[in-house]
Amino acid sequence: MMENDRVRERVIATYRRCAGRYDLTSRLYYLLGVRQRALRRTAVEALRLRPGDTVAEVGCGTGLNFPFIERAIGPGGRLIGVDLTDAMLARARRRVHAHRWRNVTVVQGDAARFRFPAGLDAILSTYALSLVPECAEVIARGCAALAPGGRWVVLDTVLPPAPPRWLARAMVRPFAGTDEWIARRPWEAIQDAMRANLADFSSTGLYPGCLFLAVGVNEPARPRPPGPGPGRPGDRHGAE
Ligand SMILES: C[S@@+](CC[C@H](N)C(=O)[O-])C[C@H]1O[C@@H](n2cnc3c(N)ncnc32)[C@H](O)[C@@H]1O
């Protein structure tokens, strides 16, 4: 089995195990001083959404960002969430049903194979993209699907500089992070890919060097990297 497939199996096993308590655990971060709701709101605000916009969320999990996105795009907008783990998506579907949102589609699939629909106004990923070994390719594919002026926003984790190995492992294990994740340094790959593919790139360190919020804007004239193009409107979204 390829290393990337092993990563995906570990992710699915981890998030199947924790799906039932995921939302509660997220709230418990307040006890550590991490204001998750405020961070999510800030990430969604950075998308600069307008009513009627179409948004994709990569690694949407249980849909904790959905209320913020829905508030911004309104019933005339469209939200497409993709996630690898069935149990997380079951929670997301429950949330969609409870809120009676009729403009949300959730898709089970690997972000690395997701065919972004063309003409997206915005793409968001919070605490998920660093778990995708092909995160740089996902950024580039997303860029190719963004409408001119569309925005990519990533809120994700950084490993503080040079923690002892045991501490680094203890910090990342609950989120399916492993030695492979530590060695891969996905936060660098994500920001490098955004810098290379988007205009007005900015990245802000949060919670002294543990998180970053990166934002970039699609500039129409910029050349796009090679690779599979975006899906056409009407294409089935999801894993190929
Ligand atoms: C820490 S959770 C974050 C969920 C949500 N974005 C949030 O902010 O609460 C990480 C999520 O990323 C998803 N994920 C990890 N690797 C993925 C991949 N290759 N494709 C799609 N989703 C993935 C996991 O299934 C999990 O739901």
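Modeller: In this predicted model, a polar backbone atom of Leu84 is 3.1 Å from a nitrogen atom of the ligand. A polar contact here is a pair of N or O atoms within 3.5 Å. The model is predicted, and local features need pLDDT of at least 70, side-chain atom pairs count only at pLDDT 80 or more, and totals for chains, interfaces and linings use all residues. Residues are numbered from 1 along each chain as its sequence is written, and side-chain values use heavy atoms, with hydrogens and water left out.

Colleague: What lies 2.6 Å from an oxygen atom of the ligand?

Modeller: That is a polar side-chain atom of Asp83. A polar backbone atom of Ala111 is 2.8 Å from a nitrogen atom of the ligand.

Colleague: How much of the ligand does the protein bury?

Modeller: The protein buries 99% of the 600 Å² that the ligand exposes when taken alone (Shrake-Rupley method, 1.4 Å probe).

Colleague: Now the sheet: in what order do the strands come?

Modeller: The order is S3-S2-S1-S4-S5-S7-S6, an open sheet of seven strands with mixed pairing. Strands are DSSP runs of E with at least two residues, and two of them pair if DSSP finds at least two bridges between them.

Colleague: Why is one side of S3 and of S6 left without a neighbour?

Modeller: Strands S3 (104-108) and S6 (199-206) stand at the edges with a single partner strand each, so one side of each has no neighbour in the sheet.

Colleague: In which sense do S6 and S7 pair?

Modeller: S6 and S7 (residues 211-217) pair in the antiparallel sense, over six bridges. Leu213 in S7 is the bridge partner of Thr204.

Definitions and conventions. A polar contact is a pair of N or O atoms within 3.5 Å; within protein, one must be able to donate a hydrogen and the other to accept it, and residues adjacent in sequence count only if both atoms are side-chain atoms. Helices (H or I, at least four residues) and strands (E, at least two) are DSSP runs, numbered from the N terminus.
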